[in-house]
Structure formats: structure tokens, C-alpha cells
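Open the model in your viewer and keep the sequence panel beside it. The stops below say what to select and what is there.

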Amino acid sequence: MITCYLKYTIDPFQLDVFEDYGKRWIKLVNRFGGQHHGYFMPSEGANNIAFAMFSFPSLSEYENYRKLILEDQECIEAFKIAEDARCILSYERTFLRPVFE
């Protein structure tokens, strides 16, 4: 299993747009065979940092997902929402492997 951890720097005046974007991607990742663990919006502390985590059974399945989303209409629409609103200023993507007992 591989888990993608995303740290976003977002526009704090576009939180509602970013939240809509996140809700769309939760459904999309799950539809493409991943397991989304949620988006985490600012609450206390920094008002411009958000996180998301999702997993795929393997790196190759994640790479396949990355190819497929470039041609999927719902994914393209989700990308466009964030691009048009400019709610995401930057992001960092890190891959982790879970450790279970």
C-alpha cells in the first residue's frame, strides 16, 4: 500500500471553493480504486494550510490513476474549479507506507 500525503497552501478567502474541490476528489479517488482518508481544513492556527491523504494498493495503481484522471471529465472539471478560483497557491506531495502491528 502507498499513501499520498498532500500539504496545501491555500487562499484563506477561498476556503469554500477549496472544500468543494476536496469533496469532489474524495469521490473521484474512491471511484478510481483508491481509499481517500479525507481533507483537513484550517480550524485553529494557520488559516492557509490544508491537508489530504489517500491510499492505493500499490504505486503502480497510483500511477495508473494519475494517467486516467487526465482524461476523465469529472477530474478535469475538479482541476478547473481550483484553477479558475486560484484557491490552491501551492502543494507538496509526499508518499508514505503505513506500518501496522
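**Stop 1: a helix pair**

Select helix H1 (residues 15-31) and helix H3 (residues 73-85): their axes come within 10 Å and cross at roughly 160 degrees. Axes here are lines fitted to C-alpha atoms, for helices over the stretch in contact, and angles run from 0 to 180 degrees between N-to-C directions. Helices (H or I, at least four residues) and strands (E, at least two) are DSSP runs, numbered from the N terminus.

This is a predicted model, where local features need pLDDT of at least 70 and side-chain atom pairs count only at pLDDT 80 or more, while totals for chains, interfaces and linings use all residues. Residues are numbered from 1 along each chain as its sequence is written, and side-chain values use heavy atoms, with hydrogens and water left out.

How do H1 and H3 run relative to each other? They are roughly antiparallel. That label applies to angles over 145 degrees; under 35 would be roughly parallel, 65 to 115 roughly perpendicular, and the rest oblique. The crossing of H1 past H3 is left-handed: the near helix is turned anticlockwise from the far one by less than a right angle.

Now show the side chains. On H1, pick Val17, Asp20, Tyr21, Arg24, Trp25, Leu28 and Arg31. On H3, pick Glu74, Cys75, Ala78, Phe79, Ile81, Ala82 and Ala85. These residues make the contact, meaning heavy atoms within 4.5 Å. Colour them by class: 10 are nonpolar, none polar and 4 charged. Ala, Val, Leu, Ile, Met, Phe, Trp, Tyr, Cys and Pro count as nonpolar; Asp, Glu, Lys and Arg as charged; the others, Gly among them, as polar.

**Stop 2: the end of H3**

Select alanine 85, which sits in H3. Leave out residues up to four places away in sequence, and alanine 85 touches Gln14 and Val17. Its relative accessibility is 23%, so alanine 85 counts as partly exposed. Buried means under 20% relative accessible area, exposed over 50%, partly exposed in between (1.4 Å probe, protein chains only).

Move to arginine 86, in the loop between H3 and strand E4 (88-96). Arginine 86 is not a glycine, yet its phi is positive, at about 55 degrees. At 63% relative accessibility, arginine 86 counts as exposed.

**Stop 3: the core**

Where do nonpolar side chains tend to go in soluble globular proteins? They tend to be buried together. Here the largest nonpolar core has 23 residues. A nonpolar core is a set of buried Ala, Val, Leu, Ile, Met, Phe, Trp, Tyr and Cys residues joined through side-chain atoms within 4.5 Å. Highlight Tyr8, Phe18, Trp25, Phe54 and Tyr65, which have the most contacts inside this core. Strand E1 (2-10), H1, strand E3 (49-56), helix H2 (59-68) and H3 each supply at least two of its residues. H1 gives the most, with 6.

Zoom in on tyrosine 65. Beyond its neighbours within four places in sequence, tyrosine 65 is in contact with Trp25, Val29, Phe32, Phe54 and Phe56.

Next, valine 29, in H1. At 1% relative accessibility, valine 29 counts as buried. Its contacts, not counting residues up to four places away in sequence, are Gly34, Gln35, His36, Phe54, Phe56 and Tyr65.

**Stop 4: strand E4**

Finish on tyrosine 91, which lies in strand E4. Is tyrosine 91 buried, partly exposed or exposed? Its 45% relative accessibility makes tyrosine 91 partly exposed. Leu6, Lys7 and Tyr8 touch tyrosine 91, not counting residues up to four places away in sequence.
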